[in-house]
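Have a look at the chains first, then read on.

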Amino acid sequence: MSDARSDILARIREALKVKAPKPHLKGEGAPGKTSTVAKPWLPDGGDTAEHSLIILAEQLAKLKAVFIRVPDHAAAAKAVAELSASKNWKKVAYHGHDLLRPVAAALSCETWEADASFEKQRLEGCDAGITTCESIVAQLGAILVSSASSGGRALSILPHVHVVVAEASQVVPDLGASLALMKARHGDQMPSMLSFITGPSRTGDIERILVLGAHGPKELYLVLIG
Amino acid sequence: MDDSKAIFLKDATVNAADGDQRAFIRKALGGYYTNRDLQKARYRDWERARDAASLAKWSAVNDLANVLEKFVTNFERNGGVVHWARDAAEARAIILKIAEDVKAKAIVKSKCMTSEEIHLNDALEKAGYGVVESDLGEFIQQLRGEAPYHFVFPCMHVKREAISELFTKHLGTAPTDSPEELTMIARRHLRQLYIDADIGITGANFLVAETGQISITENEGNARLTAALPRIHIALSGIEKVVNHLDDLSVLLPMLATAGAGQPMTCYNTLYSGPRKKGECDGPEQFHIVLLDNARTRLLADPEQRDALHCIRCGACLNVCPIFKNIGGLAYGTTYQGPIGSVITPHLRGLKQWNHLSGASSLCGACTDACPVRIDLHHHLLHNRRNAAKESPTLFDRVFHNGFNFVISRPWLFAAGGRVFRATLPLLQKLPLPYMGAWMKTRDLPKAPSQSFRDQWKNKNV
Ligand code: SF4
């Protein structure tokens, strides 16, 4: 008996001997095919940094994510500390990153740099997880985190609240730009997980009524510096 | 009559007469239409975006062997293990073998329609593993012991009272009529299960050949947890999910969310490339992917309907389908409901037993208009009807079509037949017509005109 792999590939090659016609395109001309060309038919991501930030703010508001803009690093630490105090967080896990250590240091509750070990139960017991990100997509209000930028896979999904601290220069106009940036940054050594986070976790499974906080974080904060 | 057809007709008749349930489904979809239109309006040119999406899928599907091989090479380079399954039985055996090898006890799953297709849960449970569905809708359907109603919104037909009762019965929680409270009950219940599970099973929405990554689209975060916490990650995917470039996702991910759920993007769109890497603090030790054929190559061999493999399972065609909205998802008796299910199920499971689904369409074309990758759904339903008639014509087909051919090619016979028909029509109105019962139950025969159209034309009466 031949193995499944060669069998399936042979079936495919046999099936494709008869060609199928190209799809019948109805838009105003065929889309550009080079992968780096911005796609002017998708939702707008802004053509200047200022414009992108306006779109980003609109999108985040619609997604029910909280957008906090601060002028500098000290203000970022202060903003997160205030948040923590007002929400009465007791335990906060954070990714060990230069941007985040001062933020964690300013918190008055118990903090834990969660990168070193993989203690699921301990992480589940945290009120909030603080991470950085790879980039932020204005077009969709999406925050791209990775296992490299966010202390692994669980820190940005298991705690009940997710706080992202980022620099304004990390905002890119659209999804294509953020994917291209990942390729440029990591080549074929991508972190094992990349995740576009678009608002707090949600479900509509019960009568199609929106509920925030299905399995992931119920609240999402983006603290943007600059 | 085949079983599947008999069940379909019975369920469809009952459901279509259930005004309450239909109103409930219409109401549940109301918000979707509004949000979808709002999001679509943000596209600077939705039609061109559809062009780009359909081209991306077309170019991968029409070069499937090469694109898959490229995906596999890159996936393996990232440290993942690839398994190939010709059919459902092979896929089940592969997954059971992995579970045995790693001495698994508890398994947590995120939504994966392909696993419904191969009846994976049954097989795992028979082998003694505890399996929990973690998507809220799938979790509810699992407790109900019922197949998903809609492949994107699995329990959209269930009212909150029923869910509350279900949770009281199985989880011992207090009754509530708040969707939020019900969601929190499931959240609390499932959290520990992710932590305790040895294996996480997910599906895949896209396989990216260029990078060897798989892409998973979800809203709840349950797939993220399923691929983060257990020590083994198994993804099960049809071979047609592959795309050429990472950049293809910059079109496909937003369109999937907009068309299917009226969102700009779903909450989490996650790309996985292998198990935990050196230097990473968490994630699974092993990452397996099972690539499933299960008759997809049969559909591939039909160039006329090959584009049905472009489907990104957004569910938009179900949401706009008048048949789906009237008969509901369970009546189909298929893994994939609605127009796309009616198109592909005859290919996957046999045209003879499943051709009745080709008739489950008013041919209004709403599905074709809604499809983000431009699958010509309603024409494919017609193609299936034609193919079924060719493959095994019924006696009625043969007698009627040969008879019609014979008459229509002889004008004098056609005219004479018309005269006889007009004369006997009043009589026919009184008789119970054989084979016409279902049609006539809700319709009356029209009154016969005194002259045929051709006579009226000749006599300038028109
Ligand atoms: S056929 Fe088109 S509309 Fe229907 S689920 Fe597939 S992609 Fe969506």
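**Around the ligand**

The shell around the ligand is made up of 12 nonpolar residues, one polar and one charged. (Ala, Val, Leu, Ile, Met, Phe, Trp, Tyr, Cys and Pro are counted as nonpolar, Asp, Glu, Lys and Arg as charged, and the others, Gly among them, as polar.) In total, 14 residues surround the ligand, and the closest are B:Cys311, B:Cys314, B:Gly315, B:Cys317 and B:Cys371; a residue is near the ligand if one of its heavy atoms lies within 4 Å of it.

Before going further, some housekeeping: this is a predicted model, where local features need pLDDT of at least 70, side-chain atom pairs count only at pLDDT 80 or more, and totals for chains, interfaces and linings use all residues. Residues are numbered from 1 along each chain as its sequence is written, chains are lettered from A and ligands numbered from 1 in the order in which they are written, and side-chain values use heavy atoms, with hydrogens and water left out.

Now for the meeting of the two chains. Chain B brings 101 residues to the contact and chain A brings 90 residues, with contact meaning heavy atoms within 4.5 Å. Between them, chain B and chain A bury about 8500 Å², 59% of it on carbon and sulfur atoms; that is the accessible area (1.4 Å probe) that two parts lose on being put together, summed over both.

What holds charges opposite each other here? There are 10 salt bridges between chain B and chain A, each a side-chain nitrogen of Lys or Arg within 4 Å of a carboxyl oxygen of Asp or Glu. One of them joins A:Glu207 to B:Arg160, whose closest N and O atoms are 3.0 Å apart. On chain B, helix 10 (residues 179-196) gives the largest share of the side that touches chain A, 11 residues. Strands here are DSSP runs (E, at least two residues), helices are runs of H or I with at least four, both numbered from the N terminus, and two strands pair if DSSP finds at least two bridges between them.

Within chain B, strand 2 (residues 106-109) runs parallel to strand 3 (residues 130-133) over four bridges, with B:Ile107 opposite B:Val131.
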